[in-house]
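Subject: Structure for you to look at

Hello,

I am handing over the structure we spoke about. Please open it first; my notes follow below.

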Amino acid sequence: MVNLTIEGRTVSVPEGTSILEAAKAAGVLVPHYCYHPGLPVAGVCRMCLVEVEKMPKLAPSCATAAAEGQVVHVFSDKALEARKGVLELLLINHPLDCPICDQAGECELQDYTFQEGRADSRYREPKRFNPVEDFGGDVLFVANRCILCTRCVRFMDDVHEAPVLCVSERGDRAMIARTGDEGLTQPWAANVVDLCPVGALVSKDFLNKARAWELDRTASVCTGCSQGCNTVLETRDNVVVRQKPRANDAVNQFYLCDVGRLDYRWMNRTDRVESPKIRMHDVLSMVDWSIAMREATRLAEGRRAYVVASPRLSNEALFLLKRIITKTGGEGVFRCATGPEAPLPGVEDLSLRADRAPNVTGAERLGFTRRDGDPFAGLRDGDLLILADEALEGLDVAAARRAGAVVVVGTTLPVGVMPHVVLPIANVAEEEGTFTNLRGRVQRFLQAKAAPGLARPSWYALADLATALGTPSDDCQLPSAAFAALAASEPAFRGLSYERLGLRGAPLADAMVGAA
Amino acid sequence: MPLDPMQLEPGLWPFLIATVVKMLVVFTLYMVVVAYSTLAERKVSAWIQDRHGPNRVGPWGLFQVLADGVKNFVKEESMPGDVNKPTFLLAPAIAFTMALTAWAVIPFGAPLPTPWGKVDLIVADAPIGVLYPLAITSLGVYGIVLAGWSSNNKYSLLGGLRASAQMVSYEVAMGLSVVAVLLAVGNVSLPQVVAQQQVGGWNVVLLSVAAFVFMVSAFAETNRVPFDMAEAESELIAGYHSEYSAMKFSMFFIAEYANMLTASAMFVTLFLGGWDIPFTDWDTTGPATVAKALATFAIFATKIGAFMFFFIWIRWTLPRFRYDQLMSLGWKFMLPVALLYIVIVSSGMVLLDQAGVARGSTAYRLAFLGVNVVLMGLLFVILDRGRLISPASSRLERVRLERLRAVAATRSSIAAGEVR
Amino acid sequence: MAISVKVMERPVGEVSYVRATLKGLALTLKHLVDPHRVTIQYPEEKWDLSPRWRGTHRMLTTEDGKAKCVACGLCPTVCPANCIKLVPGEDEVGNRYPLVFEIDEFRCIFCGYCQEVCPEEAIHLGRHYENAEFNRARFVYDLERLTAQTHPVSTLWDPADPRGE
C-alpha cells in the first residue's frame, strides 16, 4: 500500500494503482477520454494531465503509478490550463453538431468542455471532413466527431480479441477504420458504442430515437440469457427505448452482448392481456380480479395443479407457483429456448449463454423440471393446467387438452389453448423481482415502466392465486416480502434479502465459490 | 263630377283608402326611424365618449340596424321555467302596440293636395286629440308591469313595480302641464294646438314652465335616463326585461324608442309649433301645395330629430337618479309647480281678458313672456338649491345645522364612553 | 351604539342641479363636436410592434423549403409550459428531422426560450397576434402550419443594446 495526497485528501491505495484510480478512490474525478478501467492504458488523449509536486512536467494520471508521499493537484491552474489546451485542440476538428448527435447529454466531450474548456474557439480554418461510415452490426461511425481515444480499437483488439478496427493514416488525417470488410458483426461488438466517450460510434438501433436527458433509467437484469448481465433500462414516456450494460465486476464487468442489448422490444408489446378474463359460453369475458379468482377457486376444486412456467418469471413468482404445486401435490415444468454460446474472450466467465432465459437456475432450484421437448408429458387427465407466462409458441398443444381446466397467468394469451381463467401480469420491465443466474447469483431488477390496464405484478397475482387455491399467501404483499418468504422456506436462498442483494446481487448459499 | 280641390271626395271609401295609405306610410316610416334611432343612440353615445360607434356593417355602420334585426329574429327564444306564459308572451306585444298607436293623432305636416282632393297629414284627427296619446302611453306601462310580474324573477318584478309607480307619478305632472297648453288653445285637438301656435307663437316661449314640466315628465314616462329606474342595471340586472331574449326583447327595445319618438312628437306639437315653419307665414297661408306639405313635414322631422338628440344627449350626460329622488321630484316639485302654474296661467288669462288685451296680440304675448321669464328665474335660480331633486338633502339653516352637529357629537362621545 | 349623522353644509354652487346639468351637457357636447380620439382604429390602423414582440411561432425553412429543425430536443426541454411536442426521426435522406413537431399555442406562455435555445435558428416567435380560430384544436400548430407562417419573426434581446435602439 502506498499513501498519497490528492487535492488535499489522503488516500491509501495498493501499489501499482494509477493516480487516476487513486483519485477516484479519493472522490476526485480526473477528466479522461482514452482511459477505461476495462481496457489497457494507452495514454493518448492527454486529458488526464495532473500536477504532481516535485515532478518537472504534468503527469498523465492514467499512466502514472501512485507512489508513496506524492502530492497531486488535479485542479491547479497549471493542470487546468493544460487540459484547456487539450480540449481546444480536440475541438478543432469536432463538428459541434450536438443538436443532431445522439451522444448529446451523455457526452464526455460536452461535459468536460463545459466544465473546463474554452468558451470559444480560435480556430478559423475549415474543419476536416470525413463521411459517415456504417461499421456493420449495430454501429454507425461518424468520423468527424471522433477524438481518436482508441477505446474502440483497444476493446476489439484486447477484450473481444477480434482486431477489426485500427487507426488508419497519421497526423491530422488519422481516423478509425476497419481492417477488412468484416466490420463490427461480432456478438459483443456493440459495446464500442458505450465505450466511445463522444458521438463517433452510435447505435443504429437508437439513432435519433430520444435525447439522453429525456430518458428515465432503471437498474435491471438482462433477460436474454442465463448469464444475468446487469443492465440499465432506459425509458421515455413509458416505452423502453434502450438497454445498456450496468457495471458489475462479478458478472459482466462493463459489457453487454448485442443479443441482450437489442432484446428489449418485447417489453413494449401492445397486444397484452390487460384485464382478467374468464371463459363464459366459450368466449373470454373481461371480469374483475375478485371474480376471476373465485372462478379459479371453483375450477381448482379437487384438481392436481400442473404448472408450465416460464424461466423468464422471477424467483418470487416461481416460489408462489411452487406453493400451489406443493399444496395440490402437482408438478412444475418449464422449457427454455437455446442458442449458440458466444463468449467474450477478454473477460473470464462472460458469455452469451446457450440457455436464452434469465432464470433457468432459479426454476431448477425451486423444483421445476426442465422439459424442453414436450412440457405436457406429465400432464394427467383432469389436471388443473396453470400456464405461467408461457405462450406455448411452437409447441404441439394437443396434449394440453387433457387438462380439466386451464388457468393462464401471463402477459399474452397462449397459442392454441382456450383458457378458463386469464390473469394478466406485468412483464420484467413493469415489476420488481429477482433472477438467479447460471452461477447461482441472485440479482434484483426494478420496475422501469407502468403495467398496462389491470395487469398486476406476477408476485401479486400469484400470491392471490395461491390464496385462492388454498395456500394462504398473505405474507407476500410486497416483492421484498415474497422474497423474504422464499428465503425463509428454501435452504438455497437462506440468508438473502433485498437489502443484502442490493443492486449487484449475491450468490446462493451453495453457489460455486469464485464463479460469477 | 268635378272635384273641389280643397276637399277630399266625400264618402267612406276615399276616406278609408286615404287612411289606410297614411297608416302604411306612417307605420313604415315610423319603424325605419325607430330602427335608425337605435343606431343614432349608439353613434351619438360613441361620439360623446370619443369613440366611433358601429362602423363595420355598411358605410358608417348604416346597415347595423339590419344586422341587429336579423340577429334578433334568428336568436334563440328562451322561456324561463315557471313564468306565467300568456302574460309573459303578451307583455312585449302590449308595450310594442301601445307605443305605435299613440302616433295616430299627431299632425305631421301641412295638408297634401292629391288628384282626389286635399289630404290632412294626420292619421286620425280624433276630437279628443291630446288626451288620446296620454291615455295610450299610460296603457304602455301595462306591458312593462306585466313583463316584470310574469317573469317570475325578483329583479323583473321590482323593475315593473318601479316603472308603474314612476308612470303614475309623472303622468299627473304631465297631464297638468298639458292643461296649461289647452287653456291657451281652448281646444284639445292637436291640429288646433298647432294652428294656435302658428298664430300666437310657440308655447315653449309663452308657457315655458309647462314645457319644462312636460319635458321632465316625458323623460320619466319613457323610462329614459336619468329616470330609467325600471331597468337600472346596477341594481336590477336589466329590470323588467331581464328574462326576455331575441325578438321579445327586441319588441321592448323598439317600444322604448317608439315611446321616445312619440314623446318627442308630443313635445314638438304642444310646445314647438308642430309642423310650423318658424319666422314665415308661407306654410300656413295660401293654397295647399305638395312643396308646402313636404317642407312642413321636413321641419317637423327636424324638430323631432332635435328633440330625439336631446333625449340621447341627456342620457349620456346625466347619471341615474336614486328612486327616492325620483319620487320626491315628481310629487314634491313637479306636481306643485304644475298646479301652481295652471293657477297662474288661468289667472293671467282672466286678468288680461278683463284688461281688454286681445288674445294673440303682441301685448298679450309679451305679458305671458314676462310672467314666464320671472317664473323660470324663480325656478332655476331661487328654488334650485338641491330641493329640485331631493328636499331631504337641501341646505339647512345654520342654527339647525349646529344643533344637529351638537347632537351628533354628544351621541358619539356617549358611545365612546367619555360622558356618563 | 348610537348612529352618528354626518351633516354637511354644501356650497350653494354645488347644490344646483340645473346648473350642474347644463355644465354636464356642455361637456358632452364639447366631446361630441370635437372628439379627442386617442384610440388606435384597430383593423384599419395597427400598432407598430416592437421588434422583440413575442407572438405565435414560426418555423424557418432552408432554401428548399424544409424546416430548419433538426429535432435536437432542446426546445421541448427548455419550454417551461411543456407546450412543444417533438418526436425525432430521420427524413428521406437520413438526416435528423422532426417526425412530429407541434406547439400548443394555448399552452404556450410566449417566453421565447425556444427561440433563444434553438441551435439551428429554426423555431422563432413571431411579431403576430391575430390568432382567432373556430376550433381549439386549430391552436396546436404542426410543422406544416409553422413553416407556412409568413409573419415577421421577433428578434432576441441583445445585451449590447438593452433598450432595442
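At what angle do the axes of helix α1 of chain B and helix α2 of chain B cross? Bear in mind that this is a predicted model. The crossing is at roughly 110°, and the two axes come within 9 Å. Helix α1 of chain B covers residues 12-48, and helix α2 of chain B covers residues 64-74. An angle from 65 to 115 degrees counts as roughly perpendicular, so α1(B) and α2(B) are roughly perpendicular to each other.

Which residues meet where α1(B) and α2(B) are in contact? From α1(B) they are Ala35(B), Tyr36(B), Thr38(B) and Leu39(B), and from α2(B) they are Gln64(B), Val65(B) and Gly69(B). By class, the residues of this contact are four nonpolar and three polar, with no charged residue.

Next, chain C. Five helices and five strands are found in chain C. In sequence order, the pattern of chain C is α-α-β-α-β-β-α-β-β-α. Chain C has 165 residues, of which 24% are buried. Of the contacts in chain C with a separation of 6 or more, 73% are between residues 24 or more positions apart.

Last, how many residues of chain A are in contact with chain C? There are seven, and they are in contact with 12 residues of chain C. The chain A side of this contact consists of three nonpolar, three charged and one polar residue.

That is what I have noted so far.

Regards

Note on methods:
Residues are numbered from 1 along each chain as its sequence is written. Chains are lettered from A and ligands numbered from 1 in the order in which they are written. This is a predicted model: local features need pLDDT of at least 70, side-chain atom pairs count only at pLDDT 80 or more; totals for chains, interfaces and linings use all residues. Two residues are in contact if their C-beta atoms, placed from the backbone, lie within 7 Å. Ala, Val, Leu, Ile, Met, Phe, Trp, Tyr, Cys and Pro count as nonpolar, Asp, Glu, Lys and Arg as charged, and the others, Gly among them, as polar. Axes are lines fitted to C-alpha atoms, for helices over the stretch in contact, and angles run from 0 to 180 degrees between N-to-C directions. Helices (H or I, at least four residues) and strands (E, at least two) are DSSP runs, numbered from the N terminus. Angles under 35 degrees count as roughly parallel, over 145 as roughly antiparallel, 65 to 115 as roughly perpendicular and the rest as oblique. A residue is buried if 20 or more other C-beta atoms lie within 10 Å of its own, exposed if 12 or fewer, and partly exposed in between; C-beta atoms are placed from the backbone.
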